[in-house]
Amino acid sequence: QVQLVESGGGSVQAGGSLRLSCAASGLRLSFPCMAWFRQAPGKQRERVAAIAADGSTQYDDSVNARFTISADGARQIVDLVMNSLRPEDSAMYYCAADSVPIRVCRIRTSPADVRYWGLGTQVTVSS
């Protein structure tokens, strides 16, 4: 049984930092593509960061140079370090996992085809 469990969310003032963590179990992925998505009220779910099977990372422009995604070799722990947080970063953050070729992991940002999801962790940034 696949499980993705997020932790580390909370409330922080603008300019602060948070570290989200995703504990993955039961995954049997030939080409693991691990990602963090977020969804704010009334908005579509969007991908903020991803790490492909070769360790290469991708970031949405809105978080580039502020957020860092990392994962252990087995992809059992996937972290998202978020610095210089802004009120517009407030959202529910979801861990996602799939098995896709590296080139697909790098460019696929839609949540539509992602196979596995966590339940999410709330991040609230106050101004």
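1. Let's start with the disulfide pattern: counting bonded cysteines along the protein chain, the links run 1-3, 2-4. The structure has 2 disulfides, a disulfide being a pair of cysteine sulfur atoms within 2.5 Å. Keep in mind that this is a predicted model, where local features need pLDDT of at least 70, side-chain atom pairs count only at pLDDT 80 or more, and totals for chains, interfaces and linings use all residues. Residues are numbered from 1 along each chain as its sequence is written, and side-chain values use heavy atoms, with hydrogens and water left out.

2. One of the links is Cys 22 to Cys 95, with an S to S distance of 2.1 Å. Helices (H or I, at least four residues) and strands (E, at least two) are DSSP runs, numbered from the N terminus. The link is left-handed, with -80° about the S-S bond.

3. Cys 33 pairs with Cys 105, also with S to S 2.1 Å. Here the angle about the S-S bond is 75°, making the link right-handed. Cys 33 belongs to strand E4 (residues 32-39) and Cys 105 to helix H1 (residues 102-107), so the bond connects parts 72 residues apart in sequence.

4. Are these cysteines buried or exposed? Cys 22 and Cys 95 are both buried, and so are Cys 33 and Cys 105. Buried means under 20% relative accessible area, exposed over 50% and partly exposed in between (1.4 Å probe, protein chains only).

5. Next, the nonpolar core (a set of buried Ala, Val, Leu, Ile, Met, Phe, Trp, Tyr and Cys residues joined through side-chain atoms within 4.5 Å). The largest has 27 residues, and Trp 36, Leu 80, Met 82 and Tyr 93 touch the most other members. Among the elements giving two or more residues to this core are E3, E4 and E9. A second, separate core of 9 residues includes Cys 33, Ala 52, Ala 96 and Val 100.

6. Do look at Arg 47, which is in strand E5. Arg 47 is buried yet has no salt bridge, and the nearest side chain of opposite charge, Asp 60, is 7.7 Å away. A salt bridge needs a side-chain nitrogen of Lys or Arg within 4 Å of a carboxyl oxygen of Asp or Glu; Lys and Arg count as positive and Asp and Glu as negative, with His and the chain ends not counted. What does the side chain of Arg 47 reach? It reaches the backbone oxygen of Cys 105 at 2.7 Å.

Technical notes: Polar contact = N/O pair within 3.5 Å; in protein donor to acceptor, adjacent residues only side chain to side chain.
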